[in-house]
Amino acid sequence: MNIVVCIKQVPDTPNIRIDRERMTIIRDGVESIINPLDRIALEAALDLKQKEGGKISVLTMGPSQSEEALREALAAGADEAILLTDPGFAGADTLATSKVIASAISRMDPFPDLILCGKQTIDSDTGHVGPQLAEELNLPQVCGVTEIHVEMNALVVKQLSDGFQNTYRVSFPALLTVSQGLNVPRHIPLGDLEQAFLDGRVLRWGLKELDLRPEEVGFSGSATTVVRLYRPPQKRKGEVVSGSSQTLAEHLIAKLVSLSILDEDEAE
Amino acid sequence: MKTKQNSDPSTQAAASGRGPSLGMGSQGKETPLGVALSGAERRRRETKWVHRALPAGTHWEGVWVFGDYRNYFQNRVTLQLIAKGNQLARKLGADMTVLVLGSQIHQYAMEYTAHGADVVMVVDHPSLKNYQVETYVRVVSQLVQNFKPEIFLAGATAFGREFFPRLAKRLNTGLSADCVALEIDRSKRLLIQTTPAFGGELLADIITPEHRPQMATVHPGVFVERIHDREATARILYPEVDIEAEERVQLIRSRPEQSRKGGLEEADVVIVGGKGLGSKENFQMLFELARLLGGEVGATRPVILSGWTEESRLLGQTGKNVKPKLLITAGTSGAVQYTTGIHGAETIIAINRDPHAPIFKMADLGLVGDAKTVLSLLLEKLRKRL
């Protein structure tokens, strides 16, 4: 079974800085990780490969830096890594992003049997790219799967959706997005990581290789525009207290009393 | 399987109630629902009706809401969207239409009318009984292309978030996810869509300047539904549409998820431990604390990876979201993957040694100190009262 796993590199920090000119997040100098649900997608692919054989290709669209995420995926056991990168891809919404990724996948020979994505990312959190890729590639889709089985040349998957547990049979080729609970991603040994950063091979495809026109991708290929990016009004009180452990415990108990979680006499 | 919706006028009259038919639209048939309209209201509606009778495809106008009636009494997001959609439509001087797909769904047309729809568009067919993304995309994309609404909203339910992206792609238009606010820029006739990013750390205002419709999924619970008004009226429309069921994805089974009452997601008090607690033994202390405070214990990813407790206690992006009255978070620095799971807490108390830990930014009370020692002192106090 040939599997493509779509991953995204996301910032691993709650201290997000905003570029107010470009209405984007500043990603320079920020530590990054593979989006956690994409790691689960990769793990599912590794698991399926072990049972069914085949090849795993990992794909990401992003700046040069996102090559790190691909190398990490190679270290985890992916066979091939492709970085979709081009200055023209910048500023893409999910419509334009799915265009680029679909174009890359449709170029693969043979066409993959299965495409896996995380259900959503921790940064923009839309969950759009999976289903939009499925649409662009005219594939059947199931989002947020919690179990994947291969039975009689079809996929049998489970999904928790709006209070129902649904079981579907899906014909190949197909696209699935994965949810938490599907698996626990393996720990990647440091040695394997070092190896992947030393001599792992990452292919780079841009506008030219994908035969796309600049107006189809990036900012110009996007239907939506971010007009303002801002911190929501702070609703927390944000009172911070320092002192001895005894003082802190007293503050804590006073707070519990004020919330009626402890009675006053109990706190005496 | 490819069939047309049955549009036998006699079935429509029976389903939609009293009154003479107002006439035929270019896209189908309409009949009024409910009791007589007030004079002004009738004029407004009838004027609109004339407008609607224009050939389809002249320009994009009107607000649509996708009517998701599953689990009707608990899932109120469609009703919330009807109320909001109605406001938006008034600002645009346009109609608010609820689109409802399914099999034997006439009762929902009545409900949506009572909750404030101007028009309910019904596609009733056995093939539409189960919510199936691809089948629904085929039907709804035809309707959007024919009727050209300028705005189209759906609840950010699991189905909405699976269905709307694919629909937006087929229609080649923009979509924003899980909106928490919607406004109209009247001068440009644009929908301003406010969506959270980084688990609510940031908000983004998004517009869809040129593509139509302007599509958004909306977070349940941010808008307030209208009171059920049985005097309300709406036009019921049965559009003609090709219905072709998807066969590549087959539903084998669908059963209600076993609801586990109690547990982390329902707890009033949640105590979360992070790696800053130092050891598995220190983490164990949280269980006694939770028991004495009548709460549950949660954990961050690093704690799970260290094997201090089981995976089912994981909070955040790859774990559970909690909404207790009180959350105490001890020895957690505040990584986004974790904090996305605790935004719903009413009060957050954070204990951490590092005064610069980001967790303090989202706490109501921050205690700068050793979490283990502070919690031990609290535990002593609680034990004494027994």
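Two strands are taken to pair if DSSP finds at least two bridges between them. Helices (H or I, at least four residues) and strands (E, at least two) are DSSP runs, numbered from the N terminus. The model is predicted: local features need pLDDT of at least 70, side-chain atom pairs count only at pLDDT 80 or more, and totals for chains, interfaces and linings use all residues. Residues are numbered from 1 along each chain as its sequence is written, while chains are lettered from A and ligands numbered from 1 in the order in which they are written.

By these rules, A:Val241 stands opposite B:Leu367 in S20(B). The strands concerned, S15(A) and S20(B), pair in the parallel sense over four bridges. They belong to an open sheet of six strands with parallel pairing. The order is S15(A)-S20(B)-S19(B)-S18(B)-S16(B)-S17(B). Strand S15 (239-242) of chain A and strand S17 (296-299) of chain B stand at the edges. Each has a single partner strand, so one side of each is left without a neighbour in the sheet. Neighbouring strands of this sheet are turned by 20° against each other on average, direction ignored. Axes here are lines fitted to C-alpha atoms, for helices over the stretch in contact, and angles run from 0 to 180 degrees between N-to-C directions.

Within the sheet, strand S18 (residues 326-330) of chain B pairs with strand S19 (residues 347-352) of chain B. The sense is parallel, over five bridges. B:Thr329 stands opposite B:Ala350 in S19(B). Helix H7 (residues 245-258) of chain A packs on the sheet. This helix touches S15 of chain A together with S19 and strand S20 (365-368) of chain B, and its direction makes about 160° with that of S20(B). Contact means that the C-beta atoms of two residues, placed from the backbone, lie within 7 Å. Helix H10 (residues 371-384) of chain B lies across S18, S19 and S20 of chain B. Helix H10 of chain B runs at about 120° to S19(B).

B:Val368 has its place in strand S20 of chain B. Not counting residues up to four places away in sequence, B:Val368 touches A:Val240, A:Val241, A:Ser242, B:Asn352 and B:Pro355. B:Val368 counts as partly exposed because 19 C-beta neighbours lie inside 10 Å. A residue is buried if 20 or more other C-beta atoms lie within 10 Å of its own, exposed if 12 or fewer, and partly exposed in between.

A second sheet also joins the chains. This open sheet of four strands has the order S14(A)-S11(B)-S10(B)-S9(B), with antiparallel pairing. The edge strands are strand S14 (225-230) of chain A and strand S9 (181-185) of chain B, each pairing on one side only. The twist averages 25° from one strand to the next. S14(A) and strand S11 (residues 202-207) of chain B pair in the antiparallel sense over five bridges. A:Leu229 has B:Ala204 as its bridge partner in S11(B).

The contact takes 69 residues from chain A and 79 residues from chain B. The side of chain A that touches chain B has 30 nonpolar, 24 polar and 15 charged residues. In this scheme Ala, Val, Leu, Ile, Met, Phe, Trp, Tyr, Cys and Pro count as nonpolar, Asp, Glu, Lys and Arg as charged, and the others, Gly among them, as polar.

Chain A holds eight helices and 15 strands. Its C-alpha trace spans about 75 × 50 × 40 Å along the principal axes. Buried residues make up 47% of the 268 residues in chain A. Chain A is divided into domain 1 (2-216) and domain 2 (232-268), with bounds from an automatic or database domain assignment. The centres of the two domains of chain A, taken over C-alpha atoms, are separated by 44 Å. In chain B, the assignment gives domain 1 (2-244) and domain 2 (264-379). Four residues of domain 1 of chain B are in contact with four residues of domain 2 of chain B.

The 17 residues of helix H1 (residues 36-52) of chain A should span 24 Å at 1.5 Å a residue, and the end C-alpha atoms are 24 Å apart, which agrees. The expected span is 1.5 Å times one less than the number of residues. Buried residues of H1(A) include A:Leu37, A:Ile40 and A:Leu48. Just after H1(A), A:Gly53 takes a positive phi of about 75°. Helix H2 (residues 67-76) of chain A is mostly covered, with seven of its 10 residues buried. Among them are A:Leu70 and A:Leu74. A:Gly77 follows H2(A), and its phi is positive, near 130°.
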